[in-house]
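Here is my note on the model. Please read the points alongside the coordinates.

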Amino acid sequence: MEQNVNLLEGSIVRGLSRLAFPIMGTSLIQMAYNLTDMIWIGRVSSNAVAAVGAAGMYLWLANGIATVPRMGGQVKTAHALGAGEEEKAAAYGKAAIHMGLVMIVICTVICLLFNRALIGFFRLNHKSVVEDARIYLVIVGAGLVFSFMNQVFTGLFTAMGNSIVTFRSTVAGLAANIVLDPVFIFGMGPVPRMGVAGAAIATVLAQAVVSLLFVLATRRDTILFGRMKLGVPGKWADWAEIGKIGLPVAAQSIVFSSLSMIIARIIAGWGDTAVAVQKVGSQIESISWMTADGFATALNAFVAQNHGAGKKERIRKGYQVAMGLMGGWGLFTSLVLILFPEVVFRIFITEAAVLPMGVSYLRIMGFSQLFMCMESTTAGAFQGLGRPVPPTVVGITGNLLRIPLALLLSATLLGLDGIWWSISISSILKGIVVPVWFAFVLRAFMNRDVKTI
């Protein structure tokens with residue numbers, strides 16, 4: 001089994017970096033995974049992008065639901081490992097896996113039975129776009145078991161201080177996706193041209209590759225997975241503790257996804273092209289927030305293990321290191337999107353009618369990337385302390401603000417740009433409030449006895 005990173009002793013910068021960089025690499029690979037889909041789908045048409053974008057909203061929502069077992073399992077398992085209670089850690093891990101399996105069944109059934117109503121919510125303008133979106137949702141929905149369990153495995157391996165397994169598995173998934181996308185989208189040899197349906201099939205197969213590698217890695221582990229007895233029901237108390245941590249985080253993600261659907265419906269008023277721009281643009285800006293989320297995941301495990309071990313000073317210094325690194329990354333991505341939006345957007349869609357809209361989206365979003373990184377990193381520290389509610393409250397409040405802002409600003413001369421500004425402004429506000437709140441929480445935490453699991 002790969003060497004786990006010791007998060008409780010030694011250099012904080014080295015320990016956090018050794019855990020964080022593979023996770024950040026994984027996030028960048030996941031981003032490349034999504035962008036690869038967009039590049040190939042963009043070569044079909046902007047309507048195809050719109051179809052994938054609409055269906056993708058529900059997959060985003062499903063992934064938010066998967067955050068409950070992933071985040072709750074990661075934090076509680078890391079707390080137990082930090083306290084030296086390996087049997088308890090295995091119990092939490094088993095509960096996270098069981099919870100994930102139950103949620104998979106529910107989400108898959110919904111995608112398969114109610115896809116028409118789900119896609120109909122967006123009121124897309126072209127019948128072909130609607131049908132493609134339904135097909136994509138059905139195929140990827142049927143394969144949710146892989147993406148769901150990949151999230152749970154990621155959380156548990158991270159809790160152990162082992163992020164390299166996730167990195168290697170995701171690299172293999174990306175390689176599979178790069179090969180399979182053009183084959184199934186455009187056809188090759190005996191495989192017919194399948195367009196949007198082909199993209200969905202390629203995505204599911206690539207996720208299956210990742211799942212297979214995760215399962216193989218669990219069979220070599222003796223610290224956590226080797227202690228699990230998955231055929232034996234776990235304790236409801238473990239489910240409850242995982243839910244206590246995971247539900248607030250999932251609630252923020254679910255609300256965020258739901259509000260994004262409402263905004264997408266508003267955007268559809270400007271045509272299916274606007275939906276395509278939002279889909280591609282959000283994938284491009286994920287270069288900042290997915291990387292920040294990856295580092296936040298590492299910081300989460302670092303804080304959680306040291307919280308379980310009662311090492312407060314390492315928590316404070318670890319947070320400072322993380323904020324410094326992510327602040328630099330956020331500033332860099334902000335400058336790239338503000339200064340070179342056309343160069344970046346042309347990689348995905350080159351249609352003359354679409355390009356100006358895409359350039360405007362990226363430039364406006366560029367102003368919020370630094371703040372988005374600050375919010376995400378700090379949320380990881382909050383969660384590691386077992387305090388997921390503060391960033392959830394700020395996140396939900398800020399995201400709710402987007403709807404009235406979008407309606408208000410889009411009614412002005414800004415038009416569609418007003419919707420982009422509503423998203424950017426809310427991200428800036430969240431990126432200020434969450435770190436300030438954490439500063440007060442951290443000060444109080446440093447001045448009291450540590451309460452472990």
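1. Burial first: a residue is buried under 20% relative accessible area, exposed over 50%, and partly exposed in between (1.4 Å probe, protein chains only). Gly 308 is buried, at 8%. Gly 308 is found in helix H10, residues 272–309. Helices here are DSSP runs (H or I, at least four residues), numbered from the N terminus. The C-alpha atoms of Gly 308 and His 79 are 4.6 Å apart, although 229 residues separate the two in sequence.

2. Basis and confidence. This is a predicted model, in which local features need pLDDT of at least 70 and side-chain atom pairs count only at pLDDT 80 or more, while totals for chains, interfaces and linings use all residues. Residues are numbered from 1 along each chain as its sequence is written, and side-chain values use heavy atoms, without hydrogens and water. The chain averages a pLDDT (the predictor's confidence in each residue, from 0 to 100) of 84, and 94% of the residues score at least 70. Where pLDDT is low, the predicted coordinates should not be read in detail.

3. Lys 94 deserves a look. Lys 94 lies in helix H3, residues 86–113. Lys 94 is buried yet has no salt bridge; that term means a side-chain nitrogen of Lys or Arg within 4 Å of a carboxyl oxygen of Asp or Glu. The nearest side chain of opposite charge is Asp 238, 7.0 Å away. Lys and Arg count as positive, Asp and Glu as negative; His and the chain ends are not counted. Beyond four places in sequence, the contacts (heavy atoms within 4.5 Å) of Lys 94 include Met 228, Leu 230 and Pro 233.

4. Salt bridges. The count is eight. Arg 227 pairs with Glu 86 at 2.5 Å, N to O. Arg 227 lies in the loop between helix H8 (195–220) and helix H9 (236–267) and Glu 86 in helix H3, so the pair ties together parts 141 residues apart in sequence. Glu 86, Glu 87 and Arg 227 are linked in a network of salt bridges. Arg 227 is partly exposed, at 31%.

5. Helix H11. Arg 316 and Glu 313 form a salt bridge, with closest N and O atoms 2.1 Å apart. The two are three residues apart in helix H11, so about one helical turn separates them. Thr 333 also lies in helix H11, residues 312–339. Thr 333 is buried, at 2%.
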